[in-house]
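Here is a short report on one protein chain. Keep the sequence and the 3D view open as you read.

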Amino acid sequence: MLSVAATARGLDEELQMTDAATDATTDAATDEVAADVEAHRINRAMMDRDLASAALGMVVERDDPGHAVVSMRVRDDMTNGFHITHGGLVFTLADTAFAIACNEDDNVTVAAGADITFLKSTVAGQTLTATAVRRARSGRTGLYDVTVVDDHGDTVAEFRGRSISTNRPFTAPIA
């Protein structure tokens, strides 16, 4: 049978271990939040400089490390000779979501390559939404899938982007 003192010591040790585990979990969560905040800061600064996306009226709906959602309303001047959305602009929307998703730290990350498959045409007046998701990231390279849907939720295109992180740090403009 354990004495009261031994039981109290045991409880003290258990509480200390629990406190240490809680501190480690809290530290890890704090580090993760700090990394998310930094990624948001970098992506906001990157998008503030992205004149092409701004000119096309793109709106960043979600900006998380490894995940981004960007939308764009198709205008008349975004259609081709068949009066359907120009494929290059669908690609640009997907590429923008990819860029946001893959810039997860303070090093500039760029596309190493990308492929797109067009599945459905759209027309002026429709809103397209691109959702980018990280599939893999190892060392300096990453793999991201982007699905572009129309305002009915129908898949317009599937894009796969391959990224490479440079050794060049991102320098945000001084606010």
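## A buried tyrosine

Start with tyrosine 144. Its relative accessibility is 0%, so tyrosine 144 counts as buried. The cut-off for buried is under 20% relative accessible area. The model shown here is predicted. Tyrosine 144 has its place in strand β5.

Now look for glycine 66. Along the chain, tyrosine 144 and glycine 66 are 78 residues apart.

## The chain as a whole

How many helices and strands does the protein chain have? It has 3 helices and 6 strands. Read from the N terminus, the elements run α-α-β-β-α-β-β-β-β.

The chain has 175 residues, and 30% of them count as buried.

## Strand partners

Strands of a sheet pair through backbone hydrogen bonds, either parallel or antiparallel. Strands β1 and β2 are antiparallel and pair over 5 bridges. Here arginine 62 stands opposite valine 69 in β2. The two strands form a hairpin with 2 residues between them. In this hairpin, glycine 66 takes a positive phi near 80°.

Strand β3 is joined to β6 (residues 155-169) by 10 bridges, and the two run antiparallel. Aspartate 115 stands opposite arginine 160 in β6. Phenylalanine 118 has alanine 157 of β6 as its bridge partner.

Alanine 157 in β6 also has valine 148 opposite it. Strands β5 and β6 pair in the antiparallel sense over 9 bridges. They form a hairpin with 5 residues between them. In the turn, glycine 153 has a positive phi of about 85°.

Valine 59 has its place in strand β1. Is valine 59 buried, partly exposed or exposed? Its relative accessibility is 41%, so valine 59 counts as partly exposed. That value falls between the cut-offs, which are under 20% for buried and over 50% for exposed.

Which residues does valine 59 touch, leaving out those up to four places away in sequence? They are Val69, Val70 and Ser71. Valine 59 and methionine 47 are 12 residues apart in sequence. From C-alpha to C-alpha, valine 59 and methionine 47 are 9.7 Å apart.

## A loop residue with a positive phi

Next, find histidine 83. Histidine 83 lies in the loop between β2 and α3. Its relative accessible area is 60%, so histidine 83 is exposed.

Most residues other than glycine have a negative phi. Histidine 83 is not a glycine, yet it has a positive phi of about 65°.

## The largest pocket

The largest pocket holds about 320 Å³ of space. It is lined by 18 residues. The closest to its centre are Met46, Asn103, Val108, Thr109 and Val110.

Which elements each supply at least two residues of the lining? They are α1 (4-49), α3, β3 and β6. The largest share comes from α3, with 5 residues. By class, the lining has 10 nonpolar, 4 polar and 4 charged residues.

Key:
Residues are numbered from 1 along each chain as its sequence is written. This is a predicted model: local features need pLDDT of at least 70, side-chain atom pairs count only at pLDDT 80 or more; totals for chains, interfaces and linings use all residues. Side-chain values use heavy atoms; hydrogens and water are left out. Two strands pair if DSSP finds at least two bridges between them. Helices (H or I, at least four residues) and strands (E, at least two) are DSSP runs, numbered from the N terminus. On a 1 Å grid over the protein atoms alone, a cavity is a set of points where a 1.4 Å probe fits but cannot get out, and a pocket is an open set with protein on both sides within 12 Å along at least five of seven lines; lining residues have an atom within 4 Å of a point. Grid points are joined across faces, edges and corners, and a volume is the space filled by probe spheres set on the points. Ala, Val, Leu, Ile, Met, Phe, Trp, Tyr, Cys and Pro count as nonpolar, Asp, Glu, Lys and Arg as charged, and the others, Gly among them, as polar. Buried means under 20% relative accessible area, exposed over 50%, partly exposed in between (1.4 Å probe, protein chains only). Contact means heavy atoms within 4.5 Å.
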